[in-house]
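Here are my notes on the model you sent over.

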Amino acid sequence: MWQTGTVPDAATTASVTGARARARAEVRAAILAAAAERVARDGATDLSLRAVARDVGMVSSAVYRYFASRDDLLTALIIQAYDSLGDRVDAHVATTSGQPAAERWVDVAMEIRRWALEHPNDYALLYGTPIPGYAAPDDTVAPGTRVARALVRIVREASRLEQPPGQPPGQPLEPALVESFAALRVELDLGVDDATLLAIITAWTQLFGLLTFELFGQTHGFVSDDEALFRAAAAAMATWIGLPRTN
């Protein structure tokens, strides 16, 4: 501490500012960890700032200095989960560079499944039942689209696209959908036709739909090997998109 009447130098000020930022980050991380445990135990609907404050040994008014509301805390948990999944998928897409596109698609799909099995509570928070009274803000859009963009990257980096054998011609799309697809192609910087874009969207939702069925017990008694089913479905979707199996 500097003496009264003296002016701290820049290094001292930076040191104090850095220490305060680190302390704030540590407290914020502790609150998020406690909130995640509460969500895992009680569900997101019953998340309470007061309960989380008790868990970390703080008065509730102190927690409000870090998170303005329950919804603010939920948003932070959702973004944290999206980024955890996004980091895993982005890293896996990078490490599979050079492999055949269909193989990359299946490998990345299996990595998504591994993350979900390791983080079932986070997966449920992201893709489970909507939380009554909670509306996700725009802050969640970019983290929430990371996985979709990673899968699109595989299509973009494919050396070519193939027409799946025996695939019947697609039905014409409704004008509103054609317009939406045109905007989406620009957003994703993806030069594919409407039929391929429809296949990509369907494949993405199909992967998460099948994974949700597995994690929520809907495939129990239906198949004996969920991993094999998921891998086969991912491979089928890669074929439908037209991703080549060889370079």
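1. Asp90 is located in helix H4. Leaving aside residues up to four places away in sequence, Asp90 touches Arg146 and Ala150.

2. Before going further, a word on confidence. This is a predicted model, so please read everything below with that in mind. The mean pLDDT of the protein chain is 90, and 90% of the residues reach 70 or more. Among the elements, helix H1 (residues 10–42) has the lowest mean pLDDT, at 82, while helix H5 (residues 101–118) has the highest, at 97.

3. Back to Asp90 and its partner. Arg146 forms a salt bridge with Asp90, and their closest N and O atoms are 2.8 Å apart.

4. How many salt bridges does a search of the whole structure find? The count is 17. Arg41 and Asp42 provide one example, with their side chains meeting at 3.9 Å, N to O. That value is within the 4 Å cut-off for a salt bridge. Arg41 is exposed, at a relative accessible area of 52%, whereas Asp42 is partly exposed at 35%. These two also belong to a network of salt bridges that links Arg38, Arg41, Asp42 and Asp55.

5. The side chains of Glu111 and Arg114 meet at 2.7 Å, N to O. Both residues lie in H5, three residues apart, which is about one turn of the helix. What about their accessibility? Glu111 counts as buried, at 10% relative accessibility, and Arg114 counts as partly exposed, at 34%.

6. H5 also deserves a look for its packing. The axes of H5 and helix H11 (residues 226–241) come within 9 Å and cross at roughly 140 degrees, and the crossing is right-handed. On the H5 side, the contact is made by Ala102, Trp105, Val106, Ala109, Met110 and Arg113. H11 contributes Asp226, Glu227, Phe230, Arg231, Ala234, Ala235, Met237, Ala238 and Ile241. By class, that gives eleven nonpolar, no polar and four charged residues.

7. What is the crossing angle of H5 and H10? Roughly 35 degrees, with the axes coming within 11 Å. This crossing is right-handed. From H5, the contact involves Trp105, Ala109, Ile112, Arg113, Ala116 and Leu117; from H10, it involves Ala203, Leu207, Phe208, Leu211, Glu214 and Leu215. The class count here is ten nonpolar, no polar and two charged residues. If you compare the two lists, Trp105, Ala109 and Arg113 of H5 turn up in both contacts.

8. While you have H10 on screen, have a look at Thr196, which is found in that helix. Thr196 counts as buried because its relative accessibility is 13%, under the 20% cut-off. Not counting residues up to four places away in sequence, Thr196 touches Leu161 and Ile241. Ile241 is also one of the H11 residues in the contact with H5.

9. Last, a backbone point. Most residues other than glycine have a negative phi. Asp189 has a positive phi, about 55 degrees, although it is not a glycine. Where does Asp189 sit? Its place is in the loop between helix H9 (175–188) and helix H10 (194–215). Asp189 is exposed, because its relative accessible area of 58% is over the 50% cut-off.

Note on methods: Residues numbered from 1 in each chain as written. Predicted model: local features only at pLDDT ≥ 70, side-chain atom pairs only at ≥ 80, totals over all residues. Heavy atoms only, no water. pLDDT = per-residue confidence, 0-100. Helix = DSSP H or I, 4+ residues; strand = E, 2+ residues; numbered from the N terminus. Buried < 20%, exposed > 50% of the residue type's maximum accessible area, 1.4 Å probe, protein only. Axes fitted to C-alpha atoms, helices over the stretch in contact; angles between N-to-C directions. Left-handed = near helix turned anticlockwise from the far one by under 90°. Contact = heavy atoms within 4.5 Å. Nonpolar A, V, L, I, M, F, W, Y, C, P; charged D, E, K, R; others polar.
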